[in-house]
Protein chains: 2
Amino acid sequence: MAPNTLNDIPTPALLLDIAGMERNIRRMADFFAQSECKLRPHFKAHKTPEIARRQLAAGSCTGLTCATVGEAEIASEFCDDILIANQVIGRDKVSRVAQIARRGIDIKIAVDSIEGLDQIARAAEGAEAEVGLLVDVNVGMPRCGVQPGEPAAALAKRISDTANVRLRGAMGYEGHVVGIPDRTKRAPAAATAMSALSASVQAIRDAGLPCEIVSAGGTGTYDITGRIPGITEIQAGSYVLMDTAYGKLDIPFEQAMWVLGTVVSRPSPLLCVLDSGHKSCTEDHGNPSVRGIEGASVMFLSDEHASLNIPADSQLKAGDRVQLVPSHIDPTINLHDVFYALDGEKVAGVWPIAARGYPEQRGA
Amino acid sequence: MAPNTLNDIPTPALLLDIAGMERNIRRMADFFAQSECKLRPHFKAHKTPEIARRQLAAGSCTGLTCATVGEAEIASEFCDDILIANQVIGRDKVSRVAQIARRGIDIKIAVDSIEGLDQIARAAEGAEAEVGLLVDVNVGMPRCGVQPGEPAAALAKRISDTANVRLRGAMGYEGHVVGIPDRTKRAPAAATAMSALSASVQAIRDAGLPCEIVSAGGTGTYDITGRIPGITEIQAGSYVLMDTAYGKLDIPFEQAMWVLGTVVSRPSPLLCVLDSGHKSCTEDHGNPSVRGIEGASVMFLSDEHASLNIPADSQLKAGDRVQLVPSHIDPTINLHDVFYALDGEKVAGVWPIAARGYPEQRGA
C-alpha cells in the first residue's frame with residue numbers, strides 16, 4: 001500500500017521534490033538550447049527511468065550516459081542513443097552490449113585498450129551487430145584512459161581497422177576537476193584537462209579518421225567544458241537532484257532530494273538519534289547535513305543510526321521526522337529501491353530505482 | 001543463468017567461501033557451547049537467510065538479532081526467537097512488529113523512551129498480541145539508550161505496568177569498544193561498559209522486576225563480554241564472514257568473503273583500475289585491501305572504479321580478476337542482491353541477500 005503523504009512514508013526513505021527537479025532539468029536544458037554542445041544526462045546518478053525520461057523530454061539532449069551495462073540495458077527500454085562512458089570488459093558484459101546493439105539501439109562504449117577493443121569486436125561479430133566506440137582519453141585523473149595525442153590516435157586507427165565496431169569519437173572525464181568549489185580554480189583546471197582531449201581529437205583527425213562525438217564534463221563543469229569549442233556533449237548527472245558537495249559550487253541548481261529519517265531516541269538534551277544511518281545515506285563525500293534545523297549537525301553515522309548534535313532547547317522527540325541532505329547522491333540513491341516523489345507533501349509517485357545495484361544479480 | 005565457476009561470475013560480485021564461513025560458525029558455536037552465555041547472531045551483518053540458518057543449526061544460539069523490522073519479518077520465516085536490538089518507532093513499524101508477535105514468534109524489541117513504549121503497546125493491543133521488551137541502556141556510545149541504574153529501572157517499572165508488552169530484560173551495546181584492536185585496552189573498556197549494564201540489571205531486580213535476558217556484545221568482545229557473569233547472550237554478526245577492521249583483532253575468525261572485480265584498464269605500469277568501486281564495496285571503515293597481490297593497494301575508490309597502485313612489474317591486464325577484502329562487511333553486503341557461494345572455485349549456490357536495503361520498499 002503506497003503512502004499518500006510525507007507523514008505516511010516508512011523511514012528511512014528517499015524523498016524527491018518533483019517541482020525542484022523539474023526546475024533543475026529546465027535550467028540545464030535551457031543552457032544547452034543556446035549552445036552547439038548538447039547534454040547527455042548521466043543515468044548512473046539516479047538509475048531511475050522516470051527521471052531520465054523527463055530529462056530527455058526537456059530537450060537539448062543527445063541521449064543518455066550510463067556507467068554500467070546493467071544501466072544501459074534498462075535505459076535502452078526508453079532511449080535509443082546510449083553511451084556507456086566506461087570500459088566494458090568481460091565476456092558476459094560485452095555480449096550484453098552487443099545484444100543491445102543488435103536491437104537497433106545506437107549504443108557506444110568507451111575503450112582504452114587493445115584487449116577491450118578485441119573483446120567488444122568479437123562479441124559484436126557473434127551478435128551480427130556493430131557497436132560504436134569512443135577512445136577514452138586520460139585527461140588527468142588517475143583512472144582509465146589512454147594517454148592524449150598520438151596514443152589516442154593510434155587506438156583510433158586500430159578501431160577503424162577492426163570489423164564490427166565503428167569509431168564514433170573520443171571522451172575524457174575531468175573527474176578531478178568537477179568538484180573544485182572555486183570557479184577561478186575550476187575553470188583553468190577544466191581547460192587544462194580539455195586541452196588534452198582536444199589534442200587527441202586533433203591527432204585522430206590528422207590521421208584522417210572521424211571524430212563525430214567529443215564527450216566530457218559533469219555537473220561542476222557543464223558551463224565551462226560545455227563552452228569549449230569542439231566539445232559536443234556533456235555527461236552531467238548530479239544537477240538533476242544535487243547534493244551538498246555540488247551545493248558548494250556556484251551553479252544554478254537546487255537541492256531536490258533528501259533522506260527522510262525518524263527520531264528513534266532523544267537520549268539527552270544535546271543528542272538525537274535517527275533511523276537513517278549510512279545504509280541509507282552514504283558518507284563517502286562526508287557527513288550529510290541536517291535540513292532546516294538551526295544548529296543541528298550529524299556527529300556520526302552508524303549502519304542504521306544517525307547521531308545528531310542538536311541544540312539543548314530543541315523539542316525533537318521520538319517519532320518526529322528529520323531530513324538529511326546527502327553529500328553524494330549517486331551512492332546514496334543506490335541504497336534504495338524507490339524514490340517517494342512529492343508534490344508538496346503529497347506522494348505523487350513511487351518511482352522504482354530500476355537500475356539500482358547490479359540488475360543482472362536479480363536475474364541470476 | 002547462474003554461473004558455474006568463479007570465472008563465470010559477472011563483476012562486481014560478492015564471493016563467499018563456504019568452508020571458511022562454516023569454520024567461523026563452528027568456532028563461535030564451540031565457544032558458546034562451553035559457556036552459560038549464548039549467542040544471538042546478528043542478521044544485520046549479512047541479511048542472508050541461508051547464512052542465518054547455518055548459524056542457528058550450529059547450536060549455542062538463543063535466536064537471531066535484527067536491526068530493522070524488515071530484517072525481522074524475513075528472519076521470522078525461519079526463526080521463532082528474534083530480538084530487534086534497536087528502537088522501533090513509527091506507526092507502520094510498530095504494527096509490523098505486532099503482526100510478527102501475533103504469528104506466535106517470540107519477538108522482542110529494545111525500548112529507551114515512554115514514546116517508544118506507548119507506540120509498541122498500542123500496536124500490540126491493536127493486533128491482540130504481546131510484544132517482549134528489553135530496556136536499552138546506554139553503556140557509553142553516543143547513541144540510543146536510557147542512563148544506567150535508576151533510569152533503567154524506572155523504564156522497566158513502566159513497562160511492567162503496561163498492557164500488551166512484557167518486560168524480558170535489558171540490553172546495552174558497547175559499540176565504541178568492539179573495534180579496539182589491542183585486547184589489553186578492549187577488555188577493560190568492555191568491563192566498564194558492562195558494569196553500567198550490570199548496575200541497571202541490578203536496579204531492575206531490586207525493584208522486584210524480572211530481567212531474564214541480558215543482551216550485549218559483538219564480534220570484538222564475544223569472549224570478553226561473553227564471560228562477564230550475568231550477560232546471557234552476545235549479539236555478534238561480523239565473525240561469520242569478517243572484514244579488515246575486525247581482522248586487526250586477536251580473534252580466531254578467518255576472512256570468508258571478498259568483492260570480485262575485473263581489471264578494466266591498465267593505463268600505466270603503476271596503475272590498475274577495477275570495476276569494483278564504492279557502489280560495490282564501501283569505504284566507511286577505510287579502503288578495502290587487495291587480496292593476494294604483493295605490493296598492491298587501493299589508491300581510491302570512485303562510484304564504479306577502484307584505482308589500485310600496483311608494482312610496475314605486475315602482469316595485470318584488462319580482463320584479469322582481482323578480489324578486494326572489504327573493511328566493513330555490513331554495508332558492503334547491503335549493496336548486493338546475492339552472494340556467490342563457493343566450494344573452491346565452483347559456484348555451489350547463489351544466495352539471496354533477502355533483507356537487503358528496505359524490503360518494505362519492494363512491496364510499496
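Q: Leaving aside neighbours within four places in sequence, which residues is B:Val97 in contact with?
A: In this predicted model, a contact requires C-beta atoms that lie within 7 Å. B:Val97 is also among the residues that touch the most other members of the largest nonpolar core. Once its neighbours within four places in sequence are left aside, the contacts of B:Val97 are B:Val69, B:Val88, B:Ile107, B:Ile109, B:Ile120, B:Ala123 and B:Val131.

Q: Of the residues in the largest nonpolar core, which touch the most other members?
A: The largest nonpolar core holds 248 residues. Those that touch the most other members are A:Val97, A:Ile120, B:Val97 and B:Ile120.

Q: Which element gives the largest share of the side of chain B that touches chain A?
A: The contact takes 54 residues from chain B and 54 residues from chain A. Several elements of chain B give two or more residues to this side, including helix H4 (91-102), helix H5 (114-126) and strand E10 (257-268). By class, the side of chain B that touches chain A has 18 nonpolar, 20 polar and 16 charged residues. The largest share, four residues, comes from E10(B).

Q: How many residues of each class does the side of domain 1 of chain A that touches domain 2 of chain A have?
A: Chain A is divided into domain 1 (6-11 + 253-362) and domain 2 (63-231), and 35 Å separate their centres, taken over C-alpha atoms. Their contact takes five residues from domain 1 of chain A and four residues from domain 2 of chain A. By class, the domain 1 side has four nonpolar, no polar and one charged residues.

Key: Residues are numbered from 1 along each chain as its sequence is written. Chains are lettered from A and ligands numbered from 1 in the order in which they are written. This is a predicted model: local features need pLDDT of at least 70, side-chain atom pairs count only at pLDDT 80 or more; totals for chains, interfaces and linings use all residues. Domain bounds come from an automatic or database domain assignment. Two residues are in contact if their C-beta atoms, placed from the backbone, lie within 7 Å. Ala, Val, Leu, Ile, Met, Phe, Trp, Tyr, Cys and Pro count as nonpolar, Asp, Glu, Lys and Arg as charged, and the others, Gly among them, as polar. A nonpolar core is a set of buried Ala, Val, Leu, Ile, Met, Phe, Trp, Tyr and Cys residues joined through C-beta atoms within 7 Å. A residue is buried if 20 or more other C-beta atoms lie within 10 Å of its own, exposed if 12 or fewer, and partly exposed in between; C-beta atoms are placed from the backbone.
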